[in-house]
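Colleague: I'm new to this one. Could you walk me through how to read it?

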Amino acid sequence: MNDLKSLDQLGPIANEMLGGLHADKRMRLAIRRAAEANAAPARRPLRRLVPAACCAALALMCVGVTAARLGGNAPEANPSVMLAAEPAVMAIDTIAAGDGSDAAAAGTLVADLGGNAMVRRAEADGESLFAAGEGDIPLVTVNGAVYQMLATPKDVGGALLGGQVGTVQHHDAQPSLAASDALSAGLSNVAAEGTAIYAISGLAETTAVAAEVDGSMRVFQRVSYAGRGPGGLGLEDTFSVRGQVKRLELSGVGTLTGDAANAAIDVLLDHAVLKSADATARRQTLTVTLDSGLRLQLGVSGDTLCGCGGWSCPEFFEAFEAAL
Amino acid sequence: MKPGGSFVYMDKRQGVKTLDENVSAQLGAAQFETLYEQYADDVLRMAYFYLADRHKAEDVCQDVFVKLYTHGHTIEPGREKAWLLRVTVNCCRDLWRGAWLKRVVLGAPTLELIPSQDETIEQKEEKAELMRAVNKLPAAFRETVLLQYYQGLGISEIAQMLNLPEGTISSRLSRARKKLSVLLKEEEQGE
C-alpha cells in the first residue's frame with residue numbers, strides 16, 4: 001500500500017529507480033563540442049558593412065547640411081552639437097506602442113533634441129508588440145544603444161538568457177534626451193539601478209537584451225531613439241534573426257512560415273539599404289516570431305521597414321508577396 | 001554614467017576564439033568539470049523524470065551544460081545548482097509545451113524506470129507507482145513536486161526559481177499532494 005508519506009522519500013527513491021541513468025563521458029564530449037560551436041561567433045561579411053557605412057555617412061552629411069541651412073551659425077565641429085543647437089522641433093516617430101490592450105494609449109513621440117519629449121496620439125493598424133510608457137518609451141540603454149521594452153513576453157525564461165552585457169547605472173523615470181552621458185551608460189526609466197542587462201540566446205546583443213523590471217525578466221528590442229540610430233551597423237546587426245524565423249506576419253498582407261519565412265528574411269537582410277537613421281511613422285507592422293518563441297517587430301511604411309533606423313527594401317516585399 | 005563607473009560590456013564581435021580562449025572569459029574549465037561531475041546526473045534525472053523521454057532528457061542536459069559553459073561565469077557563487085535546475089525546468093517546460101500535439105495524438109509517454117544494475121531494489125513496485133504517479137501530475141504540479149521532494153529545495157527557493165509568489169508554490173504543492181493521492185489509488189487499482 002502506497003501513501004503520501006513515501007513522497008518525503010522521493011529523492012532517494014528516484015535516485016534508486018533512476019540509478020542507471022548517468023550523464024556519461026560521451027555526453028560531456030558532446031557538450032564541449034556544442035559549447036565550442038556556440039563560442040565561435042559568425043564573421044560579419046564586409047560586403048554588408050561597406051554599403052551600410054556609406055549610407056550612414058551620407059545620412060550624416062544630409063543632416064549636417066540641413067542643420068547648417070536652418071541654423072546658420074550652428075557649430076561645425078560636432079554633428080550632435082549642431083543638432084542640439086537647432087531650435088526646430090524634430091519629430092521622432094516611434095513604433096506604435098503597447099499590445100492590444102495598450103493600443104489606445106499608443107503614441108508617437110515628438111522630441112526636440114534639446115531634451116524635451118511629449119507623446120501625441122497615433123493610430124496603428126498592425127498590433128504593436130512594444131510596451132507603452134506614460135511619457136518616454138520604456139527603455140534601457142547599453143553602450144549608447146537604445147532598446148525599447150516589448151509588451152510580451154511578460155517574463156522571458158531563464159533558458160533564453162545569455163551572458164550579462166551591461167548594468168543599469170542610472171535610473172531616471174524622465175530621462176533627459178540631451179544627456180548623452182546618461183544614454184551612453186546603462187540608463188533606464190523602468191529597470192532599477194544596478195539591474196543586470198543580459199543578452200538573449202540566439203540574438204546579437206545589438207538586437208535585443210533582457211533586464212528585470214518589477215520582478216519579471218523583460219525583453220527589450222533595439223530601436224532608434226532620441227537621435228540614436230544604428231550608427232554604422234547594418235540591419236542584420238540590429239535585427240539578427242537570420243535562420244531562426246518560425247513565422248513572419250506582415251499586417252494586412254499575410255503570413256509566411258518556416259522555410260518561406262526564412263527565405264524572405266534572407267532577402268530583407270541581404271538587400272535592405274539604410275534610408276534614415278531615425279525610424280519613421282508607420283501603420284503596418286512586420287512581426288517576426290522566432291523558433292525560440294520570442295517575437296520581434298519592425299514597423300512598415302511604404303517600402304521601408306523601421307526598427308533601429310528606416311531600411312528601404314522593395315525586394316523584400318516582392319519576395320514576401322511571391323511567397324504567399 | 002559616473003566617470004570610472006563599472007559598466008560591463010561584452011562584445012561578441014571580437015573575432016572567432018577557440019573554446020580554450022573563451023573559457024577564461026566564461027566559465028573556468030576546471031569549474032565546469034567540477035559542476036558537471038557534481039550535478040550532471042541530477043540534471044539528467046530531473047529532465048527524465050519530468051519528460052519521461054530519455055533522448056529528450058539527454059538533449060536538455062546537453063543544452064543546460066552548454067549554457068553553463070558559455071554563461072556560467074554570471075552565476076552567483078553558491079547558486080550553481082539552483083541555476084542549473086532553473087534552466088533545466090525551463091528547457092523541460094519548452095519541450096513539454098512543444099510536444100502537446102504529439103501527446104494528444106500518441107498519448108503521454110510512460111516513465112520507464114532505469115535502476116542501477118548492482119542495486120537491490122526493495123519494495124520496487126510501490127516505489128515505481130510513486131514515480132509514475134508523480135510523472136502523471138500536470139506539468140505545473142510536477143515541477144513543483146520534483147523541485148521540493150526530489151531536489152530538496154524550499155518553498156522560497158522554488159518561488160524565486162519559478163518567479164512565482166510563495167503562496168502559489170504552497171498552494172500548488174497542496175493541490176499536487178491531493179492529486180497525487182488520487183493517482184496513487186488509481187495506480188493500485190490498475191495493478
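Modeller: Happy to. Chain A has eight helices and 18 strands. This is a predicted model, where local features need pLDDT of at least 70, side-chain atom pairs count only at pLDDT 80 or more, and totals for chains, interfaces and linings use all residues. Residues are numbered from 1 along each chain as its sequence is written, while chains are lettered from A and ligands numbered from 1 in the order in which they are written.

Colleague: What is the mean pLDDT of chain A?

Modeller: pLDDT is the predictor's confidence in each residue, from 0 to 100. For chain A the mean is 73, with 67% of its residues at 70 or more. Where pLDDT is low, the predicted coordinates should not be read in detail. In chain A, pLDDT stays under 50 over residues 41-49 and also over residues 70-124.

Colleague: How much of chain A counts as buried?

Modeller: A residue is buried if 20 or more other C-beta atoms lie within 10 Å of its own, exposed if 12 or fewer, and partly exposed in between, with C-beta atoms placed from the backbone. By that count, 46% of the 324 residues of chain A are buried.

Colleague: Now a strand, please. Which strands does E16(A) join by bridges?

Modeller: Two strands pair if DSSP finds at least two bridges between them. Strand E15 (residues 284-290) of chain A is joined to E16(A) by six bridges, and the two run antiparallel. A:Gln284, for instance, has A:Val300 as its bridge partner. Three bridges then link E16(A) to strand E17 (residues 304-307) of chain A, again antiparallel. The hairpin of E16(A) and E17(A) has two residues between the strands, and there A:Gly302 takes a positive phi near 60°. Five of the seven residues of E16(A) (residues 295-301) are buried, so the strand is largely enclosed by the rest of the structure.

Colleague: Which residues other than glycine have a positive phi?

Modeller: Among them are A:Asn143, with phi near 55°, and A:Asp214, at about 50°. A:Asn143 lies in the loop between strand E4 (139-142) and E5 of chain A, and is partly exposed, with 17 other C-beta atoms within 10 Å. A:Asp214 sits in the loop between strand E10 (208-213) and strand E11 (216-223) of chain A; it is exposed, with 8 such atoms within 10 Å.

Colleague: And chain B: what do the buried residues of H6(B) pack against?

Modeller: Contact is the idea here: two residues are in contact if their C-beta atoms, placed from the backbone, lie within 7 Å. The buried residues of H6(B), including B:Leu130 and B:Val134, pack against helix H1 (10-17) of chain A, and against helices H2 (29-51), H7 (139-150) and H9 (166-189) of chain B.

Colleague: How many residues does the largest nonpolar core have?

Modeller: A nonpolar core is a set of buried Ala, Val, Leu, Ile, Met, Phe, Trp, Tyr and Cys residues joined through C-beta atoms within 7 Å. The largest has 124 residues, and those with the most contacts inside it include A:Phe220 and B:Cys61. H2(B) gives the most to this core, with 13 residues. As for B:Cys61, its contacts beyond four places in sequence include A:Ala23, A:Met27 and B:Ala47.

How values were computed:
Helices (H or I, at least four residues) and strands (E, at least two) are DSSP runs, numbered from the N terminus.
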